[in-house]
Amino acid sequence: MMNRALNQGVQAGRNEPVMSDQELNDLFDKPAAQNRNAGPQAAERAMTYDDVMMKTGVLFAILLAGAVVGWFVPPLALPAAIIGLVLGLVNAFKKEPNRGLIIGYAAFQGVFLGGISAMFETTFPGIVIQAVLATLCVFGVMLALFKFKGVRYGSKMKKFMLIAVGGYAIFSIINFGIAMITGTGGARSSDITIMGIPLGVIIGIVGTVLAAMTLIMDFQMIEQGVKQRIPEKYSWMCAFSLMVTLVWLYIEILRLLSYFRN
């Protein structure tokens with residue numbers, strides 16, 4: 001940069017004074033010039049895998065803290081679920097990641113998970129640790145398939161997954177409303193069967209498979225983001241997406257295990 005400044009000074013013409021070496025050094029040693037040069041670079045720092053891992057760890061720590069609250073105060077699960085749903089939708093449709101909203105989602109979602117986990121544990125002792133272990137196993141398997149087997153989704157598969165996940169999300173919201181109004185499990189009720197198989201079991205299996213397949217999309221999104229050197233701030237969005245998928249997977253496994261317990 002200093003050489004460029006010197007060349008420009010020479011090309012400017014003989015009538016302009018030429019700065020001495022000491023004057024040039026003094027100019028570039030000024031704090032204002034240093035901050036001006038460093039600022040854009042710091043603001044545009046590329047996202048790394050470490051950034052995503054750190055943000056994911058922070059979000060899950062907040063989620064676990066909220067889960068402790070929900071575990072001891074289960075009635076908070078319903079209002080936390082509604083607030084978490086709203087924050088999740090807002091974060092999903094925002095073009096720029098908002099750290100505060102993402103952290104808020106993790107906190108309220110943690111309270112919700114803690115509350116429903118306590119309810120399930122009361123009815124089916126030991127089911128929570130089984131669901132946690134199963135979730136970790138599925139996560140490990142999908143990560144291994146992505147890393148060592150090179151499993152990737154093409155454009156057509158991505159479109160299919162987006163449609164499938166979107167449709168399942170709409171169904172879940174509608175079914176949740178029906179369950180709240182009727183006081184039953186809605187379409188997930190064990191009273192509804194298809195060829196002798198409870199509809200809730202079929203829906204649970206479909207949801208678990210979709211959640212597991214969505215993990216591949218999350219891994220691929222993180223990989224592409226690092227390769228394309230997107231700004232570091234988007235590591236919050238990647239961590240948010242990964243957390244949403246894991247929470248969804250845990251809930252589906254928890255429900256599925258409860259059906260087999262019944």
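## Overall layout

Read from one end of the sequence to the other, the protein chain follows the pattern α-α-α-α-α-α-α-α-β-β-α-α. That gives ten helices and two strands, where helices (H or I, at least four residues) and strands (E, at least two) are DSSP runs numbered from the N terminus. The model is a predicted one, in which local features need pLDDT of at least 70 and side-chain atom pairs count only at pLDDT 80 or more, while totals for chains, interfaces and linings use all residues. Residues are numbered from 1 along each chain as its sequence is written, and side-chain values use heavy atoms, with hydrogens and water left out.

Of the 262 residues in the protein chain, 36% are buried; buried means under 20% relative accessible area, exposed means over 50%, and partly exposed lies in between, with a 1.4 Å probe and protein chains only. Among contacts between residues at least 6 apart in sequence, 79% join residues at least 24 apart, a contact being heavy atoms within 4.5 Å.

## Helix 4 against helix 10

Two packed helices are described by the angle between their axes and the distance between the axes. Helix 4 (residues 49-72) and helix 10 (residues 235-261) pack at an angle of about 50 degrees, and their axes are 8 Å apart. Here the axes are lines fitted to C-alpha atoms, for helices over the stretch in contact, and angles run from 0 to 180 degrees between N-to-C directions. Helix 4 and helix 10 are therefore oblique to each other, since angles under 35 degrees count as roughly parallel, over 145 as roughly antiparallel, 65 to 115 as roughly perpendicular and the rest as oblique.

Helix 4 passes helix 10 in a right-handed crossing; a crossing is left-handed if the near helix is turned anticlockwise from the far one by less than a right angle, and right-handed if clockwise. The residues that make this contact include Asp 51, Val 52, Lys 55 and Phe 60 of helix 4, and Ser 235, Met 243 and Leu 246 of helix 10. By class, the contact of helix 4 with helix 10 has 13 nonpolar, two polar and two charged residues, where Ala, Val, Leu, Ile, Met, Phe, Trp, Tyr, Cys and Pro count as nonpolar, Asp, Glu, Lys and Arg as charged, and the others, Gly among them, as polar.

## Other partners of helix 10

The axes of helix 6 and helix 10 come within 11 Å and cross at roughly 10 degrees, which makes helix 6 roughly parallel to helix 10. Among the residues in this contact are Tyr 105, Ala 106, Phe 112 and Leu 113 of helix 6, together with Phe 240, Met 243 and Val 247 of helix 10. The contact of helix 6 with helix 10 divides into 17 nonpolar, three polar and two charged residues.

For helix 9 and helix 10, the axes come within 9 Å and cross at roughly 160 degrees, and these two helices are therefore roughly antiparallel to each other. Helix 9 passes helix 10 in a left-handed crossing, and their contact has 19 nonpolar, seven polar and two charged residues.

## The nonpolar cores

In soluble globular proteins, nonpolar side chains tend to be buried together. The largest nonpolar core has 46 residues, of which Phe 112, Leu 113 and Met 243 touch the most other members; such a core is a set of buried Ala, Val, Leu, Ile, Met, Phe, Trp, Tyr and Cys residues joined through side-chain atoms within 4.5 Å. Helices that each supply at least two residues of this core include helix 5 (77-93), helix 6 (99-123) and helix 9 (199-227), and helix 10 gives the most, with 14 residues. Apart from this core lies another, of five residues, among them Met 47, Val 52, Ile 222 and Val 226.

## Single residues

Leaving aside residues up to four places away in sequence, Met 243 touches Leu 59, Phe 60, Leu 63, Tyr 105 and Ala 106. Phe 60, which is found in helix 4, is partly exposed, with a relative accessible area of 23%.

Ser 235, in helix 10, is buried, with a relative accessible area of 0%. Beyond residues up to four places away in sequence, Ser 235 touches Met 47, Asp 51, Val 52 and Lys 55.
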